[in-house]
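Here is a short briefing to read beside the structure. Keep the view open and find each part as it comes up.

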Amino acid sequence: ARENRLRRSVAFLFAGSAAVCLLWGSSNAAFYSGYVLVIASLVLLSPALAVWLAHALRPLFRWLRPVEGALAADSLIQSPRRTSATVSALMLSLALAVGFAGVSGAIYKSVLDWMDNSLNPDLFVWPSEHITARNFRFPGSFEQELQQVPGIEDVQCVRNARVMVKGVPAMAVSIPIERVSKRVQPMVVEGSAEEMNRLATQGKGVILADNLAQMRNIHKGDVLELDAPGGRVRLPVLGTVIDYSDQQGSFLIDRSLYQRLWRDDTVNGCRVHVRKGASVDQVKETIQTRFSKHRRLFVFTNHAIRKYVLDTTAAWFGLTYVQLAVALVVAILGIVNTLTVSISDRRRELAVLQAVGGLRRQIRYTIWMEAVAIGLIGLILGLAMGAITLYYNLEMLRRDMAGLRLPFEYPFLFALALLPVIVGAAWVASLWPAESAVRASLVESLEYE
């Protein structure tokens, strides 16, 4: 009892310190210190929380199996030290999986919103089969050549170039802003969309992607100093918008201004809008037929580009499933270990139960339900801790990693899917310990008694 009181006192001290770091500490040192403190406080509280949850689960288990359920819950309540390590490990691994699933879902949803708004041309014409490659470019005259293809309403050519912003590389996205703004409504973070588009078209500044603004602490009204072939230029920041053109950050600059400062009229690709009523497939075929003989080009439909972006984004979910697999391994090995120790400690107790009339199947049910209880307790604590982990993960992405301003959305569907997975894993983990308990020699187990 004294140890539990001390542990709880330290845990509440850590939790209070974490809250102070979160509310009043804007520095990275305070933020990460708060993260470590809140994790430590939850780990210290996990034994007490496990006992409390075992008490809460006891009526449910008694309702399911009056004798076996009560025995299973009482075993956990009476030996919290034995189960706390398994519960803590399961809680931590599931919290990591939930946090990563939440980040993946937030990224996926944000990219979907950005694509619906920005990637709206019918066709994309690129000089390479890889849309991120910049080894090949079209001459500036290619825009006019494309415009003459029957069925095409508008062509917006894009030039992407790496430039240094505050000593680190970023992507300059050169586009005809006036024409693009008629078809794309930017997701504005700072500034007015109408004003920034008008000033950018006049060559009076650039529009910053929010991830670049977050990572480099640049805001509307600041000045970007860039090295151009003609010398260093200073361009005012007209505003910031959500843009995922580049993970390291990007800024939008009008094509005419880019051509004048960088003395470069080549383009990396063209966004093509097809006239209403015209066949997209027919226009694609016409472009390929007209230009493929004397120019290297690839024509992608809107669906193909969206699929490429979504497939790339979906790779994040693969890491989520890897973390889930780790959590399952932790659950299975931890529960097997815990039940093996439990059975060893309770060998005589289980033998007495059989000697006074307990059936083998009742012993099995008791151990199965004890395993399921451990899984449920670890799952409940892991889902709760996952919300905290998700918050800190999103803040890390915004502060230090990618400058992404992502909404907090708890992955409820993922959490719901964890319930049968963890319960099933716990039951599987209990099969061998249960059999070893019921098949042990009754005489040997009772010999001491």
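Strand β3 (residues 168-175) pairs with strand β8 (residues 250-254) in the parallel sense, over five bridges. Within this pairing, Ser174 stands opposite Ile253 of β8. The model is predicted, so treat each point as a feature of a model.

**Strands β3 and β2**

- Is β3 enclosed or open? Six of its eight residues are buried, so the rest of the structure largely encloses β3.
- β3 also pairs with β2, this time in the antiparallel sense, and seven bridges link the two.
- One of the contacts joins Met164 to its bridge partner in β3, Pro169.
- β2 and β3 form a hairpin, with two residues between the strands.
- Look at Lys166 in that turn: its phi is positive, about 55°.

- β2 covers residues 152-165.
- How many of its 14 residues are buried? The count is 11, and β2 is mostly covered.
- β2 pairs with β9 (residues 269-274) as well; the two run antiparallel and are joined by six bridges.
- Ile152 stands opposite Val274 of β9.

**Two loop residues with positive phi**

- Asn217 has a phi near 55°, a positive value in a residue other than glycine.
- Find Asn217 in the loop between α8 (210-216) and β6 (223-228).
- Why does Asn217 count as exposed? Its relative accessibility is 53%, and the cut-off for exposed is over 50%.
- Arg263 also has a positive phi near 55°, and it too is a residue other than glycine.
- The loop that holds Arg263 lies between α9 (255-262) and β9.
- Arg263 is exposed, because its relative accessible area is 62% and exposed means over 50%.

**Helix α3**

- α3 spans residues 66-78, which makes 13 residues.
- From first C-alpha to last, α3 reaches 18 Å, close to the 18 Å expected at 1.5 Å a residue.
- Which residues of α3 are buried? They are Glu68, Gly69, Ala70, Ala72, Ala73, Asp74, Ser75, Leu76 and Ile77.

**The largest nonpolar core**

- This core has 40 residues.
- Which of them touch the most other members? They are Phe61, Ile335, Ile367 and Ile377.
- Several elements give two or more residues to this core: α2 (28-64), α3, α4 (80-118), α11 (302-345), α13 (360-401) and α14 (412-438).
- The largest share comes from α13, with 14 residues.
- In soluble globular proteins, nonpolar side chains tend to be buried together.

- Which helix gives the largest share of the patch? Helix α1 (residues 2-24) does, with four residues.
- Val20 is placed in helix α1.

Technical notes. Residues numbered from 1 in each chain as written. Predicted model: local features only at pLDDT ≥ 70, side-chain atom pairs only at ≥ 80, totals over all residues. Heavy atoms only, no water. Buried < 20%, exposed > 50% of the residue type's maximum accessible area, 1.4 Å probe, protein only. Pairing = 2+ DSSP bridges. Expected span 1.5 Å × (residues − 1). Core = buried A, V, L, I, M, F, W, Y, C linked by side-chain atoms within 4.5 Å.
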